[in-house]
Each structure stands twice: as C-alpha cells, then as structure tokens.
Amino acid sequence: MAKKETQKLERVTIRFAGDSGDGMQLTGGQFTNTTALAGSDLITLPDYPAEIRAPAGTLFGVSGFQIQFSSQPVHTPGDMPDVLVAMNPAALKVNLAALRHNGIIIINSDAFQVKNLKLAAYEENPLENDSLKGYQVFPVQITELTREALKDSSLSMKEKDRCKNFFALGMTYWMFSHSMETTESWIKDKFASKPDLIDANLKALNAGYSYALSTEIFTTSYEVAKAYKEPGMYRNITGNEAIALGLIAAAHKSGKELFLGSYPITPASDILHELSKHRNHNVKTFQAEDEIAGIGTALGAAYAGSLAVTTTSGPGMALKTEFMGLAVMTELPLVIVNIQRGGPSTGLPTKTEQADLLQAVYGRNGEAPIPVIAAASPADCFMATFEACEIAFRVNSPVILLSDGYIANGAEPWKIPTAESLPEIKVEYATNPENYEPYKRDPQTLSRLHVLPGTPGFEHHVGGLEKDDSGNVSYVPDNHDRMIRLREAKIQKLADVLPQPEIFGAKEGDLLIISWGSTYGTIYTALDEILNRKTNKKIGWIHLRWINPLPKNLADYVSKFKKVLVPEINLGQLIKIIRSEYLVDAKGFNKVRGLPLSTSDLINAIDEELKG
Amino acid sequence: MANSMINTEPLKLTKDDFTSDQEPRWCPGCGDYSILAQMKKVLPELGIPKEKFVFVSGIGCSSRFPYYMDTYGFHSIHGRAAVLASGVKTANPDLKVFVITGDGDALSIGGNHFIHLCRRNIDITMVLFNNRIYGLTKGQYSPTSEKGKKTKSSPWGTLEAPFNPVQMAMASGASFVGRTIDRDPKHLADMLKRAAEHKGTAFVEVYQNCNIFNDGAFAQYTEQETKGDHVLQMEEGQPFIFGKNKDKVLNWNGDHFEISAFTAEKKPENPARHNPRSGNAAMEFLLSSLTYDDQFPTPFGVFRQLEQDTFEDLLVRQIEFVKQRKGPGDLNKLLQSGDSWMVE
Ligand code: SF4
C-alpha cells in the first residue's frame, strides 16, 4: 500500500454534482450528517433543477449539493468549492467555473463517453486535453468499480449502477477521515425491507473507501478538527424541518392543537410532509384543494381555537392575499409561512430569493398591517417560527414568517432546546359574557378579545365588513378611520415588546449595514474578514428579525453612521422601507441570481462603499 | 378542543333564541326571509345547545344570513365559506356548522371549494340559495341562469349552459343532497331539518325568488295552475307521483322517462320507487337531470342520503391510531429525534 499522509485543514467546501437521478442530494445529506457527527461546524446548500428527472446527462439536469465545514464557526455554504465530485461531463461543465484554483476534482471517468460529452456540449473530452490544467484531477472509473464490487449481487445492472453514489461517498469519507458508521446504519434502516439493497449499498460505500485508501492516485487525506460549540445536544436541521418543529413546539407550549392548511408547492412542501408525520402530537394537517383553501381552512381553525398555520411560497402568497385581509379584519391568530423562491410568476421554483418582502409588508388591498418576521439561518427557523406563533396569539393577528429556498433546504447544526426551556405561550379569551363586544380591545396590547365558538353566552358575529366594537357592521366614516388606525397601532405597538436587534461592530461611524433574512451568514462572514484586516473604518451591522414593526432603536443607529448599505437578494426592497422611514440616502447591494449572495462580491461592495 | 361547558338543563330553545338584534336588510318580498324563518324554526328542534351553532357565509345577498341569527357567525369573503367552515369543523368537530351560500358564491367563484367540500364529506350543512342571478351586484347572470337569459351583463342573452347544483353535489360525492323552495315553508323546514340531522356533507339547494332582479324564476313551481304538473315531490319508497290531482306517475323504462296515468283504474304494474339510500348513481343522476327539462316535472326532496365516514371522524381516528403506534407526542423526544450528538 502506498504511503499516505494526513493533512490538517481548517475549512473545506465540497460540492457533489451529478444527474438529478444520481442521488446527489442523498449523498450530500449523508456527508453532512457524518461531518456534523465528527464535530465540525457546517452549512449546506442543495441546488437542484425544478424537473424531477431531467433527461440524463444534460446541463440543465445537473443536481448539486454543497457543504462548507470547519473547525471554526461556519455561516455560509462557501463561495468556491475546494473539492468537486463530478459524476458526469455535464456536472463538470456546470460547476467548474465555481471551483477554487488548484481545487480537487474527483471525476467518474466512465461517464465521459461520446454521448454524455455531446449532451454536455463538450467538443473534446476534457480529460484528454489540458482544459483542466490548474486543478488536481482524479479520474476514477466509478461505474466500473461499483459494478466490480457488486459482481456477486443479484441486483440488475441498472440497480447496481444506482449504487455508484455510495462508492463516491466512500471515497470522500476516506479523503476527509470520516467514519462510515452513520451512513452504514442509515442504509440498514432505510432499506430494512430490502436486504439486497442494504448489501449492495454497503458494499459500494466500503469499496469506494478502500479504493481511495489503497490506490496510488490519492496520496493525501485531510482532517478538519472539531469546532468549538457550546455544550449541549445537537442535531443537523434544515430550515423547513426547523419550522415544522417550531410549530409543534409552539402548539405544546400554548396548549393548542396544531392545524396546518396547505397546498403542495416548492420549496415549502417539506413542512407539510414533516408535520403530517406527527399526528400523535395532535397535528391536523389538511392538504387543501388550492392555496386559497389552505389559508381559508387555517383561518377557520384559528377562529375555532387551533394554533393555525398555512405554508407556501411566493405564487401561493399571491393567491392567499384576500384571506390575509380577512384575517386582519377579523383579528384572528394565524401564522403564514412564505418560503420565498425566485419570482415573479413561477420564476425559479427551486432557487432562492428575497423578493417577497414588500408583498409581505404591504401587498394587500386596503390598510392591512401584518407583522413580518424573517429567519436568518436554517436553525434560526425554529425560534423565528416559535416567536411568530407567540405574537399571533399575543395580538390576535396574522403573522407572516419569511424564509427562503436557501435556508429551507440548507442545513446546519442546531443546539436542541429542551421543551422546558421554551417559554409558555399565553392565549387569552374574553371571560365575561356581560356586554361582550368582540372588537373591544385590551388597552395594553390593543388586541381584541376573541371567544371560541362553542362558548355559551358569547354568540357574536365576525366578518370582512367593517365593524364597530359590538361586532355590528358599520359604515360610519369616523368608525372606519378609527378602526384602521387601531389595527395599525396594534401592530406598531409590538415594537415596545419585541426584542431590539443588537448592533454588531461599531455603534457609530462610517458605514451601517442593515439586512434581513438569509443573507445573515454571508454578511457575517464578509464582515469577519473585513474586520480581520484591521481596517480603521468604523462599520456597524444590524440584522433585522422583525421587519414589521421595525425596531425602535433603528432610527437612532441610522442617524449615527455616515452611510447605510442594504444588501438583499432582490432589486432593493428593505431599502425602500428604510429610505422612506428614516429619510436616509441608503445604498443597496443587490444580486438576484437565484443563489445566496457571494461573500467576496459583498466584501467588494462594502470596500467600495468605504472608499467614497 | 371543544370549549363547551356541560349543559345540564334540558334544552328548551325557541325561534326567538335564534333571532339576533339585527334587522334583516334584504329587499321586501325576497325569498331569503322565508329561509331565515324556517331555519329559526328548525334549529330548536335539533336538540343542540345554541352556542354550538356556527353559521359561515361568503358574499352575496344570502351571505348576510349569519348576522340575523343569534349564533356564532362568520361572514367571510366571496366563494370561500366552504373552506372556512371546513377549517372550523375539522378543528372542533363538536360544533354544528352551516354554510350559507348562493349560486354565484358557491358555483362560480367558490366552485372548487364546493366540490372539494362534498368530496371530503365533512359534517357541514350547506344551504345554497339559488336565485339564478347576481343580486348584490345588481343583476348579472349567474352560473345557474338558463341559457339565453337576458340580464344586465347579457343584453343579447347568455351563451352558457347552466350548472345543475344538485348534480354537481352528487357528482362530487356529497352524502346528502336535497332540493326545496322558499315558497313551500313546510317542505323547506323539513328539508333543512333532515339536512341538519345528516352526518356528513349535506347539501340543500333552495330555489329562492329574487323579486328585484329575477322575479318569477320559479313561478311554475309555486303558482296554483302550473305547480301540480311541474313539481315532483320525491318520497322515499313511493312511486314518483305528481300532477294537480296526483294522477300522474313518472317511470323509467330502462331507456328514458315516461309519464303515465296513475289513477284507481289505471296505474303501471311495477312503478319505479324512490330510494335515496341506494347509492345508485345512475338513478340519482337521471332524476336530477330533469331540472331544466320542460317536458317533465322538476324533482324536489332528497336525491341522496348515504351514511359515510366523515373526514373529521377519520382524522380523529387516525390521530388515535398514530398515538397508539408511536405513543402520545413527547416534545423532547421529537426535538431530539434524528441523528443527534452531545458536545461536552
Ligand atoms: S336583490 Fe334579490 S336576492 Fe338580493 S335581497 Fe333583493 S330580492 Fe333578495
């Protein structure tokens, strides 16, 4: 056996890429779990086509999964991969440009035959010319070697070939000194009823590992040390899983049944899938006939006393708009989750974007204020969801929770809270039927006092027509003006009780960065790098959690900096709110490529701002 | 969960208990008044505590109904009463939920929700006030207006064939389907009561006269001279007898309907008998197809009445099943599920 060395690395970004039928998401998911259990910090970025099984070998059918892991805190999936695993020519072509100079490419050379090369629009085989100069290329006959390893298996050739992703995974496990244990037990569990498949996938995984260990071509393996983490129990979690768990947690802590009215839509459906598993937590999932029925059934459930939720993505938000207005008018607690994707219209269903912010804050007929909260990372989705539920009950109002495709599907380690550590959610109803008036308000919160149908003595009416305090329809001009102002004041008053965001970096000075949502990780990483350079410029950063209402301390900070920069994955939406609210000449940094912002682009943009 | 208190007193409700302090604002002479009156008469007979009733409506003249009932009421948005009601009933199966809707509300803008409500068989009583016109928006044709009808939005006559609500409800799987008319209060009350007592989605079409925009749309069923020949009251187990003197019978000969005499001297040997509980879709469909046919009487009464599991009962059962399989939900266990690891 060749002598091999092990090199220590602080941080690695690896991308798995292949056909959408090659199982790249699964491979990436396994690599992620193993890496997390090895103690690294990490963030992932799945990137897959909208087609379920796009024609094999094509450029648009390439599915990718990227993960950055490190012994230091990780906040982004990495700009430029250090390692690319390319299962076919199309995967190589699509991903090569992103790869770091001198990066490692592991290639399934068996896939580089005429047909695939043509599909990937390669005129020559890149393995046979010098187009891959400047990279460390490892061509491996992954298909052949997998078949060889499975020669005794009773599976068909097609089924055997489907195990090749485990072979590739095995190689990367050796390369990064990972244990195969987690994936081995996953395989045994997953295929419990199909011993043939357990056997074949285990063999392919082990064969990949042994091959990398014994072959001459790999001379070095790498090791990434454990990251420091606060003590506690951890698991990997995607944003969508975190939302589902956050909802169930809020149901437990409010003593309510959870009702989800939802219509399948990418990239939000995983929340519906996850919740539908947990009926034993009194979860009522209702797969509605359309988006409108999704929110409508949820509003009905809210009225009847459930913790009511609807989940969707941009196009679905558009359809739910009228019901949101009814929820505002009837003042009922309802959580509306929008996993933003590329728009407008059908747009880029599997890609990420932040372009639904103005829709969330303003997009309804009439004056229809709704609190808006945005999650910052996959793990943050848990508490953001929990808070959205708390506020919905606190002021009897719909609340919009914004996430996006990137953090919905991306994963990171999450420190699991105990049920006991989560606050109780108080839900109050009117208790005195004497002179009960459905639109009479709690002077503190301005919330109206709801009563659940079924409670004797409180029979009353609610609805979409303007009402006076008694719940009777009223066309009185002054009543309408008063009601509109009360509904708005109720939401703005929340700023008194919501936690104020902390400022990161300087508290006054040259440049204030204001951001929201999933750009958190990119901005954190960019600022970390800039501040490490020991710049003499004073930079501050506020990442907003609640965008409606805006935090009370923001006006003050805005006035204390010479410049304001607002990075967003849209053409400038938060910036419009900031400019109009604080009359400040804020600048935007905007890329709308269906991808998270790139750290290096952002660093350049910040440097540019600091120059002037 | 049901928030009801245990009611130990025997229920002695009257129609006054269901009358709200709101003055109805329908046009004088509107058929809606009659439906309101019969509803108030029927509810006390159901033996259900008053606080359990929830009336949900959409938009349209009919949809003002909940304001006039002293019960829980939700006046929602156009076409969506069925979904709101579905959410209410699924969240709290203990409530008695009604949907009040119209032909535009339920069949046009709310068509999708209507068919899916019927399909799911949620225990909701849906009363459709069919006046074959848009009243609240002042006189445009509706999805049940007869073909060729001249209205404000169809001065040269409509080009569209109308929907047959009863047929739609049956095709969509409603487990109770009936038809009645505003001007026959006894029949109307009977139909409302039977629908309300049915467990599952119960659909009642009420022919309702809009005396402002579509006056006399159902006159042939209410006027003395024409009523007898145009109204077929379907009675369970009985032949399809009709006519002023109850001297005609409708019969199915295996290929088409025929009308024959039904007198002491002359009657068919083995006339078809009405059986709304047979689940015989072909017969239900044939009867309901007589709706827009002038040669035959229009059937009133119960077209279908089937016992079927309701959505919310199945859901509650599934929840119990999963609890037995996985144990009642433990939040800590759930949060820690999946591959987790300890950092010391
Ligand atoms: S417009 Fe027609 S349906 Fe509406 S209230 Fe007047 S009479 Fe009744």
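This is a chat about a predicted model.

Biologist: What should I know before we start?
Modeller: This is a predicted model, so local features need pLDDT of at least 70, side-chain atom pairs count only at pLDDT 80 or more, and totals for chains, interfaces and linings use all residues. Residues are numbered from 1 along each chain as its sequence is written, chains are lettered from A and ligands numbered from 1 in the order in which they are written, and side-chain values use heavy atoms, without hydrogens and water.

Biologist: Which residues surround the ligand?
Modeller: They come from chain B: B:Trp26, B:Cys27, B:Cys30, B:Cys61, B:Asn131, B:Gln208, B:Cys210, B:Asn211, B:Ile212 and B:Phe213. A residue is near a molecule if one of its heavy atoms lies within 4 Å of it.

Biologist: How many of the shell residues are nonpolar, polar or charged?
Modeller: Seven are nonpolar, three are polar and none is charged. Here Ala, Val, Leu, Ile, Met, Phe, Trp, Tyr, Cys and Pro count as nonpolar, Asp, Glu, Lys and Arg as charged, and the others, Gly among them, as polar.

Biologist: What does chain B contain?
Modeller: Chain B has ten helices and twelve strands. Both are DSSP runs, numbered from the N terminus: helices are H or I with at least four residues, strands are E with at least two.

Biologist: What box do its C-alpha atoms fill?
Modeller: For chain B, roughly 95 × 50 × 50 Å, taken along the principal axes.

Biologist: And how many of its 344 residues are buried?
Modeller: In chain B, 54% of the 344 residues are buried. Buried means under 20% relative accessible area, exposed over 50%, and partly exposed in between, with a 1.4 Å probe and protein chains only.

Biologist: Switching to chain A. What is the span of helix α16?
Modeller: Helix α16 of chain A covers residues 477-493. Its 17 residues should span 24 Å at 1.5 Å a residue, and its end C-alpha atoms are 24 Å apart, so the two agree. The expected span is 1.5 Å times one less than the number of residues.

Biologist: Which residues of α16(A) are buried?
Modeller: A:Asn479, A:Met483, A:Leu486, A:Arg487, A:Lys490 and A:Ile491. They cover an arc of only 125 degrees around the axis, so they sit on the same side of α16(A). The arc is that of the directions from the helix axis to the C-beta atoms.

Biologist: What do the buried ones pack against?
Modeller: The buried residues of α16(A) pack against α12 (314-330), α14 (380-395) and β21 (546-548) of chain A. Contact means heavy atoms within 4.5 Å. The face turned away from the buried side carries the exposed A:Pro477, A:Asp478 and A:Arg485.

Biologist: Is strand β3 of chain A enclosed or open?
Modeller: Six of the seven residues of β3(A), residues 41-47, are buried, so β3(A) is largely enclosed by the rest of the structure.

Biologist: Which strand does β3(A) pair with?
Modeller: Strand β4 (residues 62-70) of chain A, in the antiparallel sense over seven bridges. Two strands pair if DSSP finds at least two bridges between them. A:Thr44 has A:Ile67 of β4(A) as its bridge partner.

Biologist: Where are the cis peptide bonds you found?
Modeller: One runs from A:Thr266 to A:Pro267, with omega near 0 degrees. A:Pro267 is in the loop between β10 (258-262) and α10 (269-277) of chain A. Another joins A:Asn548 and A:Pro549.

Biologist: What about the phi of A:Ala121?
Modeller: A:Ala121 has a positive phi of about 60 degrees, although it is not a glycine. Most residues other than glycine have a negative phi. A:Ala121 is partly exposed, with a relative accessible area of 46%.
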